[in-house]
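Please walk me through this protein model, with the cut-offs behind each term stated as they come up.

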Amino acid sequence: MDASETEETGSAADGAVDPALLINLLRLRLLLHQGVQTAQTSADLRRTTAVVLLDAAVERSLHMVATDAGLTGKRDELESLISKVAQHLGASWERVGLASVRQLHRARNSVQHEGLGADRAELDGWVTAVSQFVPRLIKAQYDLDLNRLSLASAIADSEIRGYFREAEAARDEERIEACFRWLQSLFTLVSQKWEMYIDKSLLRPGLRPYEVIDPQAMAYLESEVAALRSLALISPLTTDIAEVAWFLRASQVSQYLDEADAERALSVVFWLVVAFEASPAADSESDRRHAWMKKHRLTRSGAGPAYMSAYTFRQRAVGPPTLLIRLGGVPEDDDDFMLWLDTLRRLLAQNPSIREHGTYLHVDESGLVVFSPSPQGEVNLRTMLETLGPALTTAENDFLLQRSVIVEERANVRGWAERVRHELEEQSYPEWVDRVDVDYGQGQASAVAVVHLAQSARGAAQDLLTSIRSHPEITDARQVVTQDSTMLRLRPVRAELLAEVLNAASDIVSSRIAVLEQFLAKTATQEDEVRQLLRQYNVPENPQLE
């Protein structure tokens, strides 16, 4: 299913969930997730925080259900809420973990008011109980699977949201490799956006206070350091950098993973996106303005076209007053709205009765029409209204036509990508190439071929890059889009050229691999010698040593 053709709602049942409810449920899941993540630690303070978070998730879920059902009083305690909700839901609510939830609530009171700690063994049981209690309560009240709600609709950035929708669609269709491909592209996109807000001095390598004896080895080390730097820069966006590291490793072997791994990867990337969008560093003035405009739109509940719903006059110091008209029935989806708005603006700008007389007519991103007649102009308000009315109808027809073309183009791009992927898979590559793929991002024009290097070749990435750039068919260094120790990204996407370039580099890369293998073998011999020496001093080996 094309995620762009339907509105992501997150319903596990019939695809129709009230947006306000969806946001509340996603916030509830975030609270539950934070409680579970915080509980996975040995620090006393973090365990105490986990108890408070888990109990808060229980209380919030009960309050949500009780409020929606009109059951709450002014100061309902936990037991009162449980009793009212149980009576309301009856047998449809499987109260799994209720006893542990009550015990957790008593522990939370002790933790919060008496300063007592939380036992690790008890906390593990409470995590299990709350992880069952809360989703079953939501299922009974809303007939929704809290753990499978659509996440994409909670993402504000339309470009990021598009990638995530594709990943979710691939997950739903059990296309695990495709899911990981989309998530990997999304991770790269978010990382690039995040680095825009980071002090650029952190991204610049310092001057070398030493002479480089082996440039190839130095290039390898720098590529490894760059990978670590990238991970460090993204670390403020996650509470568990180990999960991010798992995702990056798993993306390299996605052909061996299953649906559970895809769910885990979706969760890792989603919370990374949530943290990115919630970060004050990323909360630019333009983002706040767009959010304000979006909030004030009067969106449609059915088919278009848009219509004039209300008006007012704003007096000006000089000249006639400005007429403000609020449009109603505008498209709800943000991408659809911007496409519709561009269409309407173009139609109004092309109208000679307005363009030729210096009249200001603008439609902003909230759907507000601002009309300021020029004191010397010949266009009156009646003419403007007679222009705006038909333009709304024409804009709707043009918008629907353009939208259908976009949907068809996206389907064509996906079909093209599948054909290219098949062509790439049919080529013969050196044994140090793990697999090849195509990342078509937002369109065919931006597509790149992605070469995943085998573990043995990752130390030879710099040699590979040098060889590729010297190939006669690579006439522009920008054709190598990005490169690190694990993968290579090239454009244009031509299967035969890609195979030719990689095979041409085979001797150089294989030679570097042989050198690295000799070095590793020598290192292994030295390790054995060190072990024997330490045994003579009766020093035991401890793999758990930190």
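**A walk through the model**

Alanine 245 is buried, its relative accessible area being 18%. Here buried means under 20% relative accessible area, exposed means over 50%, and partly exposed lies in between (1.4 Å probe, protein chains only). Alanine 245 sits in helix H9 (residues 241-250). Helices (H or I, at least four residues) and strands (E, at least two) are DSSP runs, numbered from the N terminus. From alanine 245 to leucine 231 the sequence separation is 14 residues, and the C-alpha to C-alpha distance is 7.9 Å.

This is a predicted model, in which local features need pLDDT of at least 70 and side-chain atom pairs count only at pLDDT 80 or more, while totals for chains, interfaces and linings use all residues. Residues are numbered from 1 along each chain as its sequence is written, and side-chain values use heavy atoms, with hydrogens and water left out.

The protein chain contains 17 helices and nine strands. It has 546 residues, of which 43% count as buried. Taking contacts (heavy atoms within 4.5 Å) between residues at least 6 apart in sequence, 66% join residues at least 24 apart. The accessible surface of the chain is about 29,500 Å², and carbon and sulfur atoms account for 51% of it. Such areas come from the Shrake-Rupley method with a 1.4 Å probe; for residues, only the protein chains shown count as cover.

Helix H3 (residues 78-89) can be followed from end to end. Its twelve residues reach 16 Å from the first C-alpha to the last, close to the 16 Å expected at 1.5 Å a residue; the expected span is 1.5 Å times one less than the number of residues. Leu78, Leu81, Ile82, Val85, Ala86 and Leu89 of H3 are buried. These residues lie on the same side of H3, because they cover an arc of only 125° around the axis, where the arc is that of the directions from the helix axis to the C-beta atoms. Just after H3, glycine 90 has a positive phi of about 65°.

Side chains of opposite charge can pair when their charged atoms come close. By this rule there are 14 salt bridges. In one of them, glutamate 79 meets arginine 102 at 2.9 Å, N to O. Glutamate 79 belongs to H3 and arginine 102 to helix H4 (residues 98-114), so the pair ties together parts that are 23 residues apart in sequence. Both count as partly exposed, glutamate 79 at 41% relative accessibility and arginine 102 at 29%.

Arginine 171 and glutamate 263 form another salt bridge, at 2.8 Å, N to O. This pair links distant parts of the chain, 92 residues apart: arginine 171 is in helix H6 (residues 158-172) and glutamate 263 in helix H10 (residues 259-278). Arginine 171 is buried at 6% relative accessibility, whereas glutamate 263 is partly exposed at 22%. Asp55, Glu59 and Arg108 are linked in a network of salt bridges.

Val530, Leu533, Leu534, Tyr537 and Val539 make a nonpolar patch of about 470 Å². Patches are made of residues with over 30% relative accessible area and no salt bridge, joining like charges within 9 Å and nonpolar side chains (Val, Leu, Ile, Met, Phe, Trp, Tyr) within 5 Å. Valine 539 lies in the segment after helix H17 (506-536) and is partly exposed, with a relative accessible area of 41%.

Terms used:
A salt bridge is a side-chain nitrogen of Lys or Arg within 4 Å of a carboxyl oxygen of Asp or Glu.
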